[in-house]
Amino acid sequence: MWLWLLGELMDLIRTEGQRMTAAQPSETTVGNMVRRVLKVIREEYGRLHGRSEESDQQDSLHKLLTSGGLSEDFSTPYPSLRANVIEAINELLIELEGTTDNIAMQALEHIHSNEVIMTIGYSRTVEAFLKEAARKRKFQVIVAECAPFCQGHEMAVRLSNEKIETTVMSDAAIFAVMSRVNKVIIGTKTILANGALIAVSGTHTLALAAKHHSTPLIVCAPMFKLSPQFPNEEDSFHKFVSPQEVLPFTEGEILAKTNVHCPVFDYVPPELITLFISNIGGNAPSYIYRLMSELYHPDDYEL
Amino acid sequence: MAARGSAKRGAGAGAARGSEPQEEPPPPLQAVLVADSFNRRFFPISKDRPRALLPMANVAMIDYTLEFLTATGVEETFVFCCWKSAEIKEHLQRSKWCRHTSPNTVRFVTSDLYRSLGDVLRDVDAKSLVRSDFILVTGDVVSNLNVSRALEEHKLRRKMEKNVSVMTMIFKESSPGHHARCKEDDIVIAMDSATNRVLHYQRTQGLKRFRFPMSLFQNSIENVEVRHDLLDCHISICSPQVAELFTDNFDYQTRDDFVRGLLVNEEILGNQIHMHVTTEEYGAHICNLLMYEAVCSDIIRRWVYPLTPEMNFTDDKNQSYTHSKHNIYRGVDISLGHGSMLKENVLIGQGTVIGSNCSIMNSVIGQNCRIGNEVTLDGAFLWDGVHIADNVQIQHSVICDEVEVKEKVKLKPHCVLSSQVVVGPDITLSEGTVISLHPPDEEEEDDDQFSDDSGVNKEESKVKLKGYNKKDVGSEGRGYLWKADDKNEDDEEQRQSLWGPAMLSEEESESDSDLSMGSEEPDSRAASPQLDDIKVFQNEVLGTLQRGEEENISCDNLVLEINSLKYAYNISLSEMMQVLSKVILEFPLQQLDANLDSQNYFSALLPLLKNWTPLFKNYIKRSSDHLNALFAIEEFFLEHDSLCTSIAKVLMTFYQLEILEEDVILNWFSLRDTSDKGKQLRKNQRLQKFIQWLEEAEEESSDGDQD
């Protein structure tokens, strides 16, 4: 019967996590899951080691002062640790599978009858959210098509299949139509540690227009999209794909003389956002830091 | 990306098992990668490194090709190498393709005896390496295509019409003028738009006019499209028959031979070639340095996404870059001096040190380079280990490994500095300079061009060490000037400029197109005989008449000559009449050249007409001949407006010399259905006077007759 050395396991996971996030930095969910697993392992270890769940190292200043070099020593092997960790990870998996439903369940509280809702691009979470609300309420949806990938079209088709009155419009008309909109509900790619969003290109425009008209901007996103990184290094989350979508190859000669970029994501600052709806309920952007500390351990913020 | 291949394989196998349980799962997709180009286009650069290992954005070319194949689901690749095969093999064995976790198994087939693509495919057939459809690609293809759709179409076609379609070529839609369209590789294609079948395939390099055989449009195909907006990706999906066809036809050396051979022999063998056009994905083949530059800048500007530098698809620790605004890619451990600017589209390899106040744009810099202060790089491609001293300017040039460029050197566009060359201080290298450590005449000694141990031979034979020419490489320089040698016309291919035909030739070619057609005509490959022959005939007649004038040959002999020409070129009588009249009328023009004055013209024409009256009389016998001659005259004067005034005199002369009769002239004049210009002509004052005089003369003579 071999005994586990937990420290080695965590190092292994960390190394693989670094490799995976380096391969595609814009897919922050990968890193988030690695951090969640590390947190799960720490918790299980802590439970077995005798520490109570509530006492978090960060809580008491006094503890910080007196405990000195707080290095969690993971070297004590526990035979039941493996089973516990596997069970905890399974719970995590179940939680992940249920996130969309959890978010959709909150739809009725936020969407009222005869409302005009605006959204942009295609988000599966928002689609489930709106479909759930459509079962009991009648409302209209305006979808901004989100050039150049135009995923808004797909969203509009799916919504109209559920008998929701849907309108598609181009991104340029967002500001013009905003005055008639009651709420803006969007999905996102990543939620950053300061409550900002990395969302599909075009979302910043939408958020600014909503702010101007004081229309509430609601972000539906599951908690696994919350990333403990801050947007300090300007370019780390960007993803530029082939400029083919913007200026196709058939344009010929001018392509050699112009620089064409096709960014996929936008940065939306936290002051433009009203509410985050996630699988653990609705929260203000200013509360995000707290949620983060529950999900991830501070030592894991930098993988 | 690699996962996509295995997932597809699983899904494909599962689907097959689900729908038709008796059928076996589809065989794994194979590819034949020819890692040798069988030409010396990239000499002297490829003397040190095989072309497949030349770095594009610091990653070897063959890596791009293998990544493309793996991403598209290929599971077994045969890499055929000939020149410097040991290096290629070593590089690949170190790479991720040869790890045991790689979804794509790489097998090497090396031989010194390959001299062309044809040899490789014959070997494939001999060794029965491929079991079903395979992808044929060369080692210098950069692409992010997903071949699966084209592959499905190909398989469907072969299933529907039992094995008639032999190959599917993949093209990318790209307008003419795009910098990734190589002028040497340019093609024009006629296709059947319903089935995507290739009907006609022609290279367009150097041709100003294209000819298409009429049979192309006269057969039963409804929609024939002629396309010039296609870029040949050099990726083909081949069936095993392709290898067999190469074995059967020993003279097929390249893919072009194969395509042309198949299209020509279509009725006999019944094989067809189809094509697949992709609009959104990228595919390019690097055949010369201009293409190298174009594809490198496309990679940096992310056209080949997801094969971009920061993805580090080769999984090499030294190749991790961070991507910033304006397409700046920075490797690890680089240092940039104070005031230096990376403007846009720059890739800097690991460990490079750049001095202060430099300005770098549109460039690729390799690993461990040292760049001094006040350096300007624009469109420069530096490989690993390059040392550049202060105050250097480099534009649109390629600088290979471990080159040293000393102070105050200026490299004009399109220079190439091959490996380990040193270029001395204070010198400007003019456009198109190629400097290499291999002396240029070494090539003639190099009989065994494809042998790997050529290095050994060089050591022994180079006992007479040539000194370096200070004018070429500077006072501290080391290297020889490598010039394109004009002497040897047969080996033109290997002496061609590394860069290939320049992009600017577009504007010049338009002005030449109006020159006389005669000079281009010997090039009549797939020609329709009519047009060609008349022109040639015209020239021949002109030549005959010129000789006749110079040497005072009698008219009988001239008639004989013209008759023989008429039979040789199969010209009908009426055409001959027209040509003859035209030639004679144009004759003085060539002598007069500049001053096309009516007077001078007529005075030059008159003696000629007098001399050659028997000629005319011989040919103008029936009235239709008269008419033809008149039409020719009319046409001539319509073309040369300035000579209009002398038309009356010319006609008068013809009448007086009794070449043309009054009736015919009057007939011609009164023809109702002439073109507007013809009517204009007839309104000419003098002509009208002449016609009047003619009529009166006729009346008088007829009166006279009656009397």
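Reply: Partly exposed covers the range between buried, under 20% relative accessible area, and exposed, over 50%. The model is a predicted one. In it, Glu407(B) has a relative accessible area of 39% and therefore counts as partly exposed. Glu407(B) sits in the loop that runs between strand S29 (404–405) and strand S30 (410–411) of chain B. Together with Glu374(B), Asp390(B) and Asp426(B), Glu407(B) forms a negative surface patch.

Other charges are paired. Over all chains, the structure holds 37 salt bridges. One of them, in chain A, joins the side chains of Arg47(A) and Glu44(A) at 3.0 Å, N to O. Both residues belong to helix H2 (residues 28–49) of chain A and are three residues apart, about one turn of the helix. Arg47(A) is partly exposed at 39% relative accessible area, whereas Glu44(A), at 7%, is buried.

In chain B, Glu173(B) and Arg227(B) form a salt bridge of 2.9 Å, N to O. This pair links distant parts of the chain, 54 residues apart: Glu173(B) lies in strand S8 (residues 165–173) and Arg227(B) in strand S11 (residues 224–227). Both Glu173(B) and Arg227(B) are buried.

Arg255(B) and Asp232(B) make a further salt bridge, at 2.6 Å, N to O. Here helix H9 (residues 255–264), which holds Arg255(B), is linked to strand S12 (residues 230–238), which holds Asp232(B); the two residues are 23 apart. Arg255(B) is buried, with a relative accessible area of 9%, and Asp232(B) is buried at 4%.

Salt bridges with shared partners also connect Asp11(A), Arg14(A), Arg42(A), Asp299(A) and Asp300(A) in one network.

Methods
Residues are numbered from 1 along each chain as its sequence is written. Chains are lettered from A and ligands numbered from 1 in the order in which they are written. This is a predicted model: local features need pLDDT of at least 70, side-chain atom pairs count only at pLDDT 80 or more; totals for chains, interfaces and linings use all residues. Side-chain values use heavy atoms; hydrogens and water are left out. Patches are made of residues with over 30% relative accessible area and no salt bridge: like charges are joined within 9 Å, nonpolar side chains (Val, Leu, Ile, Met, Phe, Trp, Tyr) within 5 Å. Accessible areas come from the Shrake-Rupley method with a 1.4 Å probe; for residues, only the protein chains shown count as cover. A salt bridge is a side-chain nitrogen of Lys or Arg within 4 Å of a carboxyl oxygen of Asp or Glu. Lys and Arg count as positive and Asp and Glu as negative; His and the chain ends are not counted. The place of a charge is taken as NZ of Lys, CZ of Arg, CG of Asp or CD of Glu. Helices (H or I, at least four residues) and strands (E, at least two) are DSSP runs, numbered from the N terminus. Buried means under 20% relative accessible area, exposed over 50%, partly exposed in between (1.4 Å probe, protein chains only).
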